[in-house]
2 protein chains.
Amino acid sequence: MIPVQPDRFLENLHTLRQFGASGVGKGVVRPGFSDPDIAAREWLAAQYAEAGLTAQFDPVGSVWGLAEGPSLLIGSHSDSQPEGGWLDGALGVICGLELARAARESGGPAISAVSFQDEEGRFGVTTGSRIWSGATDLAAADGLEDVTGVTFADARARMRHLAGDFVDPARFTGFLECHIEQGPWLDEAGEAVGVVTDIVGIRDMRITFTGEQNHAGTTPMHRRKDPVQAMARFQGLIADRFRNVVTPQTVWTSGHVEVHPGSHSIVPGRCTFSMQWRDGEKDRLDRMEQIIRDAAGEVAEAGGFGLTTSDLIALEPVPMDAGMQAALAEAAEAVAPGRWRRMQSGALHDAASLARLMPVSMMFVPSIRGISHAFEEDTAEADLVAGLQVMARAVARMV
Amino acid sequence: MIPVQPDRFLENLHTLRQFGASGVGKGVVRPGFSDPDIAAREWLAAQYAEAGLTAQFDPVGSVWGLAEGPSLLIGSHSDSQPEGGWLDGALGVICGLELARAARESGGPAISAVSFQDEEGRFGVTTGSRIWSGATDLAAADGLEDVTGVTFADARARMRHLAGDFVDPARFTGFLECHIEQGPWLDEAGEAVGVVTDIVGIRDMRITFTGEQNHAGTTPMHRRKDPVQAMARFQGLIADRFRNVVTPQTVWTSGHVEVHPGSHSIVPGRCTFSMQWRDGEKDRLDRMEQIIRDAAGEVAEAGGFGLTTSDLIALEPVPMDAGMQAALAEAAEAVAPGRWRRMQSGALHDAASLARLMPVSMMFVPSIRGISHAFEEDTAEADLVAGLQVMARAVARMV
């Protein structure tokens, strides 16, 4: 077992949350390529160097602490959601730092550390790790825009003075990522650790109903084509039809809704909304897609609406490496006997990108009340330390 | 009958639509106090002067063409919706100009003309006429903000160099407003004129469901408090319960929907939407309010949502003057025999403000396919001219 130092680990976690601190609880506002994000990455590079690693930025803003020779890579991301918690990504990054440093101090196995850029998807999803793994082409990514119209090319130019080369993936024997669960299962069960079996697949698209913009006082109800009402009917319809298809882990969300022109006194002409669904099985994702397309088509047909859908983003489920899973399970049982489980990850993580290149595995610690992507996100410090100790034990069996 | 000149009237209508022309059909973008709105009002002032009237701006940007002595006031508004049509308001303003000019040229009755400011409600509803009529206090209005945060005080300061005093209402014997119907009834029936019996009452509020912002991948459906789903359920519930309460003329609309934080991968924490309903009877408006409040409360209770509602804006139904109605009906039958009807106005108009001060009346011409508050808004030129002729005939009986 690598002799990690829990106090140093917690102190570094709290230092990292000062970058972009929201002033609301422990929340952070540190989206990829923002000033606090870049400052946090410069601080991380200094920590890596102090730990005896070679610090290096790559051309897309991911920051690396490289051990010599072949090594196990441990890390996550230090960018946050526009309104994010202090642990989402940050926990895995500081775990990587502590494990790499403690291993080096104790003459243990070679461990490298990383914080990938823009996992939270200002420019897509898991942008930094997807480009590094080859899942996304750099030239194509440069044209992507955030919601305000800033391109990825312009955003990464803000870190040009720091950028080195891309790191050669061949130097790593595997990737290990610790993360908060971001869901309620461990917290509800009073468990300390989740050993991830696979990362669920995601389907994501935008749906637009086009009706007829008109005066809200003079247009009789029977003559209206109101796309907000179409969206409401669609939501009820799919919820009903999903019932016989989904599992308790399946989720679907319309988190973005845009109504045009958006005035009290105008029957809207257009409603665009996001439709995202996640599940561990490709087959179920496909069946849900069919239900969604059928329901939208029926609502449009019945009400005389125009219907358009964006291209579908499809990320397939990603299984975790069996050997690394076994090492995590053994360590979890040793550190928290009877207080751990195997589970899916409902969230996407950088590990999914890296599975293209090397064996990957993940473990979770509990999220209090299951809250994440919000300032209120938190985890008991005892659980954070237990997670670090599980990793310290498992790593010995991985290298 | 006042000898109006249809060609001059149509030419002026087309000239007015050049101010803020959208470049899409005949549409205009001329919201109150915008550059094109102010330019249009300066052009109108010049037309009033040329017609032999005394042109005057008041402190809130309404522009007047005043006849000497007691006079009938005819007009409407020349500001437009953010995406508006060329006739909404403009028709009544140019009718006023033509009737005042033609009456003066022919030694007819004294007619004054007006274009009220901000009827379309950048700062509330029928802002200019409500302040003039005393329905809204000027000092209070100065604090009102548009959706971008500009105050009414700052907006009207843009016209300070033009502003004169408020006009004394006592000089007017009544107010007559011609307007496009903005609904489909006349167009569907192939009729030329609507004599307005009353302007419907309006209730308007914002409803907010507050749920729990969370991760869209890791939060199980049974643990979610998703306010977009609450809004969708609410819409279905009220539509169902309204069935036994409403008439074919009753309308309700949620034209504005705002979802926070509005990301594909986040279960939203908050959904705020507008709820507006209109009907000719106060009693029915009250019954609908009760259904709305009950349904929102039940949805919130069942799903564990927070529920807040804004103050309710309540505008009561306004009856038109019986004598002026009779004059319009007689003129309509003379100009378009058998092709006119008495009808409610589902839209609010400046006439509703002026009813506090003097007898008021309104008449409608058809809107093609009932479309308004959109670039596509239009009316056949023959119907525009017929409307002008009905007014020219009716005015002789009003003064």
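This is a predicted model: local features need pLDDT of at least 70, side-chain atom pairs count only at pLDDT 80 or more; totals for chains, interfaces and linings use all residues.
Contact here means heavy atoms within 4.5 Å.

In chain A, helix 1 (residues 6–16) packs against helix 12 (residues 381–398) at an angle of about 120 degrees, and the two axes lie 10 Å apart. The crossing of helix 1 of chain A with helix 12 of chain A is right-handed. On the side of helix 1 of chain A, the contact involves Pro6(A), Phe9(A), Leu10(A), Leu13(A) and His14(A). These residues meet Glu381(A), Leu384(A), Val385(A), Leu388(A) and Gln389(A) of helix 12 of chain A. By class, 7 residues of this contact are nonpolar, 2 are polar and 1 is charged.

In chain B, helix 2 (residues 35–50) and helix 3 (residues 90–105) have axes that come within 10 Å and cross at roughly 15 degrees. Helix 2 of chain B is therefore roughly parallel to helix 3 of chain B, since angles under 35 degrees fall in that class. The handedness of the crossing between helix 2 of chain B and helix 3 of chain B is left-handed. Helix 2 of chain B contributes Trp43(B), Leu44(B), Gln47(B), Tyr48(B) and Glu50(B) to the contact, and helix 3 of chain B contributes Val93(B), Ile94(B), Leu97(B) and Arg101(B). The residues in the contact of helix 2 of chain B with helix 3 of chain B comprise 6 nonpolar, 1 polar and 2 charged.

Rolling a probe the size of a water molecule over the atoms shows where empty space is left. Searching the whole structure gives 2 cavities of 30 Å³ or more. The largest cavity has a volume of about 60 Å³. Its lining draws on chain A through Pro184(A), Arg369(A) and Gly370(A). From chain B, the lining of the largest cavity includes Glu212(B), Asn214(B), Thr219(B), Arg223(B), Arg224(B), Lys225(B) and Val267(B). Sorted by class, the lining of the largest cavity has 5 charged, 3 polar and 2 nonpolar residues.

The second largest cavity has a volume of about 30 Å³. Glu212(A), Asn214(A), Thr219(A), Arg223(A), Arg224(A), Lys225(A) and Val267(A) form the lining of the second largest cavity. That lining divides into 4 charged, 2 polar and 1 nonpolar residues.

Key. Residues are numbered from 1 along each chain as its sequence is written. Chains are lettered from A and ligands numbered from 1 in the order in which they are written. Side-chain values use heavy atoms; hydrogens and water are left out. Axes are lines fitted to C-alpha atoms, for helices over the stretch in contact, and angles run from 0 to 180 degrees between N-to-C directions. Helices (H or I, at least four residues) and strands (E, at least two) are DSSP runs, numbered from the N terminus. Angles under 35 degrees count as roughly parallel, over 145 as roughly antiparallel, 65 to 115 as roughly perpendicular and the rest as oblique. A crossing is left-handed if the near helix is turned anticlockwise from the far one by less than a right angle, and right-handed if clockwise. Ala, Val, Leu, Ile, Met, Phe, Trp, Tyr, Cys and Pro count as nonpolar, Asp, Glu, Lys and Arg as charged, and the others, Gly among them, as polar. On a 1 Å grid over the protein atoms alone, a cavity is a set of points where a 1.4 Å probe fits but cannot get out, and a pocket is an open set with protein on both sides within 12 Å along at least five of seven lines; lining residues have an atom within 4 Å of a point. Grid points are joined across faces, edges and corners, and a volume is the space filled by probe spheres set on the points.
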